[in-house]
Amino acid sequence: MGKYVMERLFKVFNIAGMAFIFVGGHTGYISGKDMLYQLLLFVIVYCFMTRTYEAFETQTKKSMELIYSQGLALFLADAVTYLTGYVTKTSINDIWMMLLKLVAQTAFAAIYTLGSNQIMCHLYGKKEAAVLYGNSEMFEKMKDLRHMSDWIHVKMWIRVLEVTPQTLEQLKDVDLVILQEIDRVQKDQILRYCAANGIEVYLKPEMEDVLMCSMKSVSVNGTMLLQIGNKNERPVYELVKRMMDICISVVGLVLASPVMLITAGLIKAQDRGTVLYSQKRLTKDGKIFEIYKFRSMKMDAEKDGKARLAEKSDDRITTVGKWIRMTRIDELPQFINVLRGDMSIVGPRPERPELAEKYTEENPEFTMRLKVKAGITGFAQVYGRYNTPAIEKAQMDAYYIRKASVLMDLRLILATVKVLFMKESSEGVVTESKTENRAENKAYKMIKERDCMRFSVVVPLYNKENCIRMTLESVKKQSFKDYEVIVVDDGSTDRSLEEARKIKSENITIIHQQNQGVSVARNTGILHAQGQYIAFLDADDEWEPDYLKTIDHLIEKYPESDMYVTAYRVDMGNGKSHYSARLTPATGCLESYWLTYQYAYDFVWTSATVIRTSAVLKAGLFRPGEKIGQDLDLWSRVARNNPKVAYSSEVCVNYHRMAEANARTRVKVAKADAFIKNLEEELEDSAHSKEELAMIQRKYNMKMTVYIYTSILAGNKAEAREAMKRWKGQLSRKAKMVQAGLKIARIMPDFVLRMVYAARLKVF
């Protein structure tokens, strides 16, 4: 049986179940024609409400929202049938029976929603999706797409700078594609490919897409044209809409009057200020009017005269104001504006002239909102959020203007009831001025609101077709299961991407982007991460099964640290293995990251390191463009904020040092520029102890030695000479001997230098 037929059968089963409970609840109270009329009215209202609240949209809504929508639809359907029966003397008089019936219906709706989703997923599987986006800033906007519904699994994320055959080839493995802010030419190529291959597409529209939504086709002399009509002049619709506005406003003011009186008293009692406030807003054709609202902010909220949007956790909002804003009670006085004809019940939200001018400068199409009267509720208020960007709200309002009808207005009014109780729809905007940068802003938001997994494993991938399956299999075998894996393919030119996709797991997300370097690949994974901690893993290394479990124990034991590491084995590629430092006691928390520089192998090393997500974001992520030492650079910046390092001496990681395409073999000049500059800054920091400064100097000397030697080896002797001149710090006797050796190396034959360097790589 086809999926489409099964979905329809489930809907019929749901409606039949609701009707059965309805009849059962009314049995003994009404019968015959009265029962039939009441049942028919219930089914009609219920179907209309479920459509309005999208209660069957399983593909784009999660189960809890579907259950909430079903419950609201049932409440309104039961209320309408009860009131109708009360008027016609055919209703149930027992209010407790009505409530019991509603509880039974809601329970059935929950069981139906969860059960049908499970059955459909079992029979047909989840839809595999690919998200294609144009710029890295889209990550903040796209994070909710990871789990957009119980039926859709986002399999891969692809950053599209240009559409290549490889890009299109990847789409063969998905059922639907989500396009987010991609260049129009590239979008056209992808849409053509998806249409030809039967791939479903979700598209984030541009304004021109919205304008074309109401077009109709006409034929002129054998040529098909698309007509975009002008819907501004519709006198019958305008008359009916105005009558609806007056009726709803009068009824609304009468019913809400007790709440409005109580609200007025609370506002007055709090700070003795004014109850109402008025503000200049724009309505149809740019006309300025005074909008009325209950005051939710302090009296001097804008004493500087500057217009500012309310922010999340805005200190200008009063205690009473938080409550009335959350419940939308502050909007009730706007019924007066509707009666005066300044506003309508449904329409674009009225904007302040100064903000509208700013938005129009940035996006001229913002003025399209002024083609109709402003409204108390509207398409953008229902389907957007308070902090939805202005241009996206303008697109939603433009869609409403093109599609406006009495039926749509009625549905938007009813849909407003649903969003009244959804917290995110009333949250203020988050401004970057509250933190040093966007990354830090996200860090605090994650700490405050996070309800996600423990670890996000970030795996940058570039040309590791022989290793990546081994690496991902080692993650799948972890005894600790609360994690996600984010593989960022950085434009591999071999079969790395195909090999990664052979590892089947819902925990694994694959993001594809054009080659931009390992730092950008890791940053992409970090910005996409949902976990409390970032676990770094290179695509040619592997973990022991208890690695994440060991790290989790360290986190529980040493919560004061931001860095957590284990010992690791170094596979030299010649049958020999070395080990990183294994300290005594077996677990502990070092007070200073800088003292770890005394060990031969990096104590804090990428694939054996886990860092708190907020600490990574606050440190500023990896520096793009760094070919070597980018990990050490980040660790040192994290340590500036918190130098503690929790460790376990248990060997939990295998580092395949001689793996193909290893950075040590690809990079000719080992210039860890950012890390070297960090070390030079630390050498100037008087807050370090003598022991720390000695270890920092030691690490600095080692990095400078390798940099200068590889520069000489690569023929860049002038660069090596300049590097020698800027060598910082107090040099020990050993360091001076090294410098003398480097000066001699500048005049030695190349084959001797290569022999020495090759021998060094085999030993260390």
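Me: Is K293 buried or exposed, and which residue forms a salt bridge with K293?
Reply: This is a predicted model, in which local features need pLDDT of at least 70 and side-chain atom pairs count only at pLDDT 80 or more, while totals for chains, interfaces and linings use all residues. Residues are numbered from 1 along each chain as its sequence is written, and side-chain values use heavy atoms, with hydrogens and water left out. K293 has a relative accessible area of 8% and is therefore buried (buried means under 20%, exposed over 50%, partly exposed in between, with a 1.4 Å probe and protein chains only). Its salt bridge (a side-chain nitrogen of Lys or Arg within 4 Å of a carboxyl oxygen of Asp or Glu) has its closest N and O atoms 3.8 Å apart, and the partner is D330.

Me: How many residues apart in sequence are the parts that K293 and D330 tie together, and which residues does the network of salt bridges join?
Reply: K293 lies in strand β8 and D330 in the loop between α10 and α11 (334-340), so the pair ties together parts that are 37 residues apart in sequence (helices, H or I of at least four residues, and strands, E of at least two, are DSSP runs numbered from the N terminus). D330 is buried as well, at 3% relative accessibility. Through shared partners, salt bridges make one network of K293, D330, E331 and R349.

Me: Which backbone oxygen lies 2.6 Å from a polar atom of the side chain of R295?
Reply: R295 is found in the loop between β8 (288-294) and α10 (319-326), and R295 is buried, with a relative accessible area of 7%. Its side chain reaches the backbone oxygen of M297 at 2.8 Å (a polar contact is a pair of N or O atoms within 3.5 Å; within protein, one must be able to donate a hydrogen and the other to accept it, and residues adjacent in sequence count only if both atoms are side-chain atoms). The backbone oxygen at 2.6 Å belongs to T274.

Me: How many residues apart are K241 and D409?
Reply: The side chains of K241 and D409 meet in a salt bridge, at 3.0 Å from N to O. The pair links distant parts of the chain, with K241 in helix α9 (residues 235-271) and D409 in helix α15 (residues 406-419), and the separation is 168 residues.
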